Amino acid sequence: MRSLRKLSNSSSIGLSSASSFEESEDDFTGSDIESSLSPARSMCSPDDGTGNKSWQKLKTMVHWSPFVVSFKKRYPWVQLAGHAGNFQAGEYGRLLKRYCECEQQCLQKLMMDTLRPYVPGYHGVVQRDEQDYNLMDDLLADFDSPSIMDCKMGTRTYLEEELLKARERPRVRKDMYEKMVAVDPGAPTEQERAQQGVLKPRYMQWRETLSSTATLGFRIEGIKKADGTCNTNFKKTKHREQVMQALEDFVAGNTQILKLYLQRLEELRSVLEQSHFFRSHEVVGSSLLFVHDASGKARVWMIDFGKTVPLPVPSTLDHRTPWVEGNREDGYLWGLDNLVDILNSMLPQTP
């Protein structure tokens with residue numbers, strides 16, 4: 001078996017996780033999001049800028065052409081909130097996601113857990129162009145022009161370990177101060193204003209208060225509709241009414257789709273409460289992926305495990321207890337409770 005030692009030990013470079021700690025909680029600019037909306041763009045570009053096609057690129061295009069077309073058509077959403085270049089099309093209804101050791105270990109465990117039907121099927125590590133990828137099922141394979149929503153679950157999007165690391169290396173961040181002021185000029189303290197900078201732990205904790213992450217235990221990261229329109233402007237969607245409006249827009253008033261989503265979430269919640277994997281892991285930065293199409297199909301899956309870490313044995317979490325630093329609670333189930341409650345309230349009330 002080939003060695004994976006060249007890979008960083010626990011670098012998270014998935015959809016909702018970053019390639020290093022320094023990047024993991026930084027905001028993405030509009031241009032970052034725009035450039036990542038079509039992760040297959042470089043793979044299927046017909047021109048190298050000089051009018052000539054390299055043989056390697058042409059060979060790749062010919063070999064992957066049906067999958068590239070499908071990938072471009074179906075995955076403009078795939079990095080609504082992630083780094084560019086992490087995904088590639090795979091064969092036989094599968095998808096390649098750039099290798100992350102933490103995610104690999106989680107997916108391997110999940111294949112043997114009661115949560116298996118609620119996560120992408122996992123098929124090991126493959127290599128393409130000297131880059132390692134986790135090979136997993138394409139969750140959109142059975143959908144035609146689907147509408148998709150990514151909901152990041154939990155009351156925080158950073159690990160306790162990340163806070164500790166940031167405190168070990170305290171550094172006043174001017175870039176984070178500027179982002180803070182751009183969103184809320186009154187947010188910095190007098191000291192932060194004087195030094196024109198903030199410490200990363202302070203920025204990380206402040207940022208969570210902007211969205212429904214703090215108020216509801218989940219936040220909408222992005223929505224892509226069947227007509228191809230994408231919306232990632234949910235950073236300040238904080239209150240229940242705002243979230244409900246976004247969800248109503250996503251399902252376009254389709255009560256049957258709403259009922260299917262609700263049923264799936266209630267099933268997932270029941271399984272989560274029984275899952276050994278879930279009890280024994282701090283689940284941070286993970287999302288629920290909602291998918292439906294015009295045929296009336298609707299499904300929800302758990303995705304993104306680049307920041308899902310095991311607890312010391314025999315520790316467990318209930319995922320509902322409010323987080324106090326040191327208890328490692330992530331609020332995942334509290335967020336799911338709120339999401340279920342909101343969807344329930346959106347259904348027509350029968351006498």
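**Close-up views of a predicted model**

**View A. Helix α14 spans residues 332-346 of this predicted model.** The 15 residues of helix α14 reach 21 Å from the first C-alpha to the last, close to the 21 Å expected at 1.5 Å a residue. Buried positions in α14 include Tyr332, Leu333, Gly335 and Leu336. Further along the helix, Asn338, Leu339, Val340, Ile342, Leu343 and Met346 are also buried.

**View B. Phe290 and Leu288 belong to the largest nonpolar core.** This core holds 49 residues, and Leu288 and Phe290 touch the most other members. In soluble globular proteins, nonpolar side chains tend to be buried together.

**View C. An open sheet is built from 4 strands in the order β1-β2-β4-β3.** The pairing is antiparallel. Because β1 (87-89) and β3 (122-128) stand at the edges with a single partner strand each, one side of each is left without a neighbour in the sheet. On average, neighbouring strands of this sheet are turned by 30° against each other, direction ignored.

**View D. Strand β1 is joined to β2 (residues 94-98) by 3 bridges.** The two strands run antiparallel. Ala89 has Leu95 in β2 as its bridge partner.

**View E. Helix α5 (residues 101-110) lies across β2, β3 and β4 (131-137).** Relative to β3, helix α5 runs at about 150°.

Definitions and conventions: Residues numbered from 1 in each chain as written. Predicted model: local features only at pLDDT ≥ 70, side-chain atom pairs only at ≥ 80, totals over all residues. Heavy atoms only, no water. Core = buried A, V, L, I, M, F, W, Y, C linked by side-chain atoms within 4.5 Å. Buried < 20%, exposed > 50% of the residue type's maximum accessible area, 1.4 Å probe, protein only. Expected span 1.5 Å × (residues − 1). Pairing = 2+ DSSP bridges. Axes fitted to C-alpha atoms, helices over the stretch in contact; angles between N-to-C directions. Contact = heavy atoms within 4.5 Å.
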